[in-house]
Amino acid sequence: MKKVGILRFPGTNCDRDIWKSVELKNQKPSWLWYQDHFNPKDFDAFVLPGGFSYGDYLRSGALAALSPAMESLREANQKGFPIFGICNGFQILCEAGLLPGVLMRNKEGRFIDQWVDLKLRNQSLWSPVKINQVFRMPMAHADGRFYIQDQDYKKIQDNGQIWLTYENNPNGSVGDIAGIMNEKRNVVGMMPHPDRALFDWMGSDDGLEFFDWNLS
Amino acid sequence: MTLSEKLKLYRISQSEYAMITDLLDREPQGVEWAIFSALWSEHCSYKSSKVHLKKLYSQSPRVLQSFGENAGIVDLGEGEKVAFKMESHNHPSFIEPYQGAATGVGGILRDIFTMGARPIALANYLCFGEPTADRMQELVDGVVRGISGYGNCVGVPNITGQTNFDKSYNGNILVNAMAVGLFTKDDPICLSKAKGVGNHVVYVGAKTGRDGVHGASMASESFDENSESKRPTVQIGDPFFEKLLIESCLEVMKKDLVVAIQDMGAAGLTSSSFEMAEKGGVGLTLRLDQVPLRDPSMTPEDILLSESQERMLLVCEPEKLETLVEVFERWGLDAVSIGEVIKEPVVKLYFKGELLTEIDPKLVVDHAPQYKRPYREWSLKNDSSQFSSESFKTPFNNKELIDILSDYRVGSKEWIYRQYDQRVGSSTMRDCSSPVGAVVLPSNRVLGVVLGCRPHIMRQDAYLGGLDSIFYPALELASKGFEPLAVTDCLNFGNPEKEEVMTEFVASLSGMNSACEALQAPIISGNVSFYNETLDQGVTPTPSTGLIGLKEKVENTPTSDFENEGDVILLVNLGSGFSSGYLSEIRGQQSQYIFNESFSSLAEKFKKMISLVSSGNIISSRVVGSFGLSNVLSKMCLKNSIGAKIDCEQDPWLEPFYQVVITVSSIEADRLAKEFNQADMKTLKIGEVGGDTLRWKNLNLPVSSIKESYVHSWSKSFPQLS
């Protein structure tokens, strides 16, 4: 059974949803508290759930990126562990410099909760795997407009770092980007919520595949 | 200050002043003025409504906690229980919409988790004025942003709601928030009864500031031209703090570190401390100078009356204090012992060593005045025998229907609910786009939540409106297979000192009560909001309701839309009453209705509806509501862009008490129609799903036009908000 560390910051609110998602795929979740360091070797993968860390009163994710647990997470990254950030977790990874770009206020300036279709553009080190596969799941955020400078956009495009794109861009993200990965392809982040598409009764179970990690 | 100035400042009447001096056997002194002002306010004491609320049907075998605590609790079986309640934040939201609505959400959430339940769902019942009314665009924007800003951050999904518009709300909007919390198997229920002489009284959460001082008495007054000046009485919310408070409070309760707990809501520290002592039959000493303050220059009176948000008062045994404080510190929150429980039943307030007052909490809580405000017996407004659909002739064609669907009162409210996180918690099965919100419980059963009260029916007749505030949402639950279990309410009315307002209050409450008794769904929590009036103009009497229902399985839950070409549309009749409805009001025609159903026979049919739906094969269902069949059939076309061909004699605009439209596959149609008929619900085939137009009588309207009218209604009336 793979061990998955779930990072909790003050204001994280999808932590229990990630716990549920990880358990559904027969993996063993554990909590990691933002104030404590951890040893990456005790785990197989890490997830940063959604929420409003520190209330998002400064830039979303900016304060969480400076917490002690994030120092351990950098170490995990250096060792090539899979790291997955969703929504606020994605914002934190960008703020921490583990992923390129930044997430800004949605184009219409408001929080948006809606269903979106996402297309897989490039493969990360772990699943899902089928290029051009379309996934349906909810998004729910105010600060989800992915932005990156032109020259860097070209770079992530050339490197194949664009992970997921929106079929109908809801928030004004550059290049319709919904999710990206780092160069080594072990760190991924996405704004929409695979943790809210686990069963048919939720409206879709397309999200399950995102927790079905193909770990060696 | 002269006596009359003092009475005015503290909003205490001459007769109440006489009662106070009588109870104390002397004049009130110092902070005692503030204490009586707050706890004897309408908002805290329910002095105009208590005599009527006592008569409510409020018990059933499932009810574990009814009125008297922070929220009501219902046993769902299988180790699961839910706490739920609805509360108003009307006055503050009109003065300062963002903070007013946000703190309304925060307050109702605290009522739930203070009992030990984890909040799992939010719902909002909103009434606004006409889009062209003064400040209305700003009010709608602020309220929605406030609910969204607070609810999304604390991570509780908003799964259902209702938004009404009418000119009677131009000067007094209504913002009612409902929260539902879940206890799983080993979660303790915590109450607010202080006990254990020598135990610590602990202050937890955010620091106390000057915001909301005199808030409770503000909410107990009508507005005038100077409402703006009341802005400092509105509290400021911090949802991030609330989230920390939820997690830390649930943790200390689960670790058995808490003897009693109550949130500091209206009238802040005053009401929580006096009520906790009174309920426990004990006394408290409180050292006000130990209260964590934002501004050290605050006076004892400010500290007592502050309605700063995100604060709790709890009682803790001395040997557990250290562990308790550690938990809160881990979450970054203050937890400070500010006093002790004492045997003698008096609350002793100290400030820097000086005893400010000692009062028996019974005098302040129990002996608050109870008024028997004058009201008349209700007589039905309409002579129902004269109702005939013949006299009700409104044309029905493409243009008329488009007109109605593109009206802001009818059209899509998606602009509102897409700003709410409807799915955090990963348990939402039905969101705000559905007539019934639903979350899946850990036991894999489903909890349905729906709000009720149709103001246009209230304007027709307050008694009928009261009945309908229960029956209509209960039928919405039943039509999806949920058994209605219990009710919370929020009674929004004008000035209770006016006989006509009190008459409508009593009439609607009696309607609600009769419906609840028939359905055996007791009213177990709620609040009363009086003085919703500005310059003598009161709001439509609006007793909003929140119902919860239980369904044994996820499966066999009908959708609310036309799904497949060729499906058969059935119209199920549960009663024979009708109202000329919303259209007659909008068109300025005479409003008429007839309602002569026996309540018990209605309730019986609701039960049969639940069992027929749960046994499967119903593809979709919708209760026929405002603007009758024409509106409900149009709405069913939207999601999947499928039309229908209808053949039905009934007037398209009439509003029935009650009917449900269902769709079934053509092979099942005859069998199901027969089953409904046998269950005493007259059921007719009225059409077939299919095509890309809605066709009926003179109507032949493309679904794309229906969609466009429905979706664009919002931007037409709220151009600044789209």
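How many helices and how many strands does the secondary structure of chain A come to?

Modeller: Chain A comes to four helices and 11 strands (DSSP runs numbered from the N terminus, with helices being H or I of at least four residues and strands E of at least two). Keep in mind that this is a predicted model, where local features need pLDDT of at least 70 and side-chain atom pairs count only at pLDDT 80 or more, while totals for chains, interfaces and linings use all residues. Residues are numbered from 1 along each chain as its sequence is written, and chains are lettered from A and ligands numbered from 1 in the order in which they are written.

Now for the overall build. The radius of gyration of chain A is 16 Å, close to the 17 Å that the globule rule gives for 216 residues, so chain A is as compact as a globular protein of that length (the radius is taken over C-alpha atoms, and the rule is 2.2 Å times the number of residues to the power 0.38). Along its principal axes, the C-alpha trace of chain A spans about 40 × 35 × 30 Å.

What about the inside? Of the 216 residues in chain A, 54% are buried (20 or more other C-beta atoms within 10 Å of a residue's own; 12 or fewer is exposed, in between is partly exposed, and C-beta atoms are placed from the backbone). Take the contacts in chain A between residues at least 6 apart in sequence: 75% of them join residues at least 24 apart (a contact means C-beta atoms, placed from the backbone, within 7 Å).

Chain A also has a partner. 23 residues of chain B are in contact with 23 residues of chain A. On the chain B side, the elements giving two or more residues are α8 (136-154), α10 (239-254) and β14 (428-430) of chain B. α10(B) has the largest share of that side, with four residues. Sorted by class, the chain B side that touches chain A has 10 nonpolar, nine polar and four charged residues (Ala, Val, Leu, Ile, Met, Phe, Trp, Tyr, Cys and Pro count as nonpolar, Asp, Glu, Lys and Arg as charged, and the others, Gly among them, as polar).

One spot in chain B to find while you're there: B:Gly616 sits in the loop between α21 (599-614) and β24 (620-623) of chain B. B:Gly616 is partly exposed, with 13 other C-beta atoms within 10 Å. B:Gly616 and B:Asn556 are 60 residues apart in sequence, yet 5.0 Å apart in space, C-alpha to C-alpha.

Methods
Contact = placed C-beta atoms within 7 Å.
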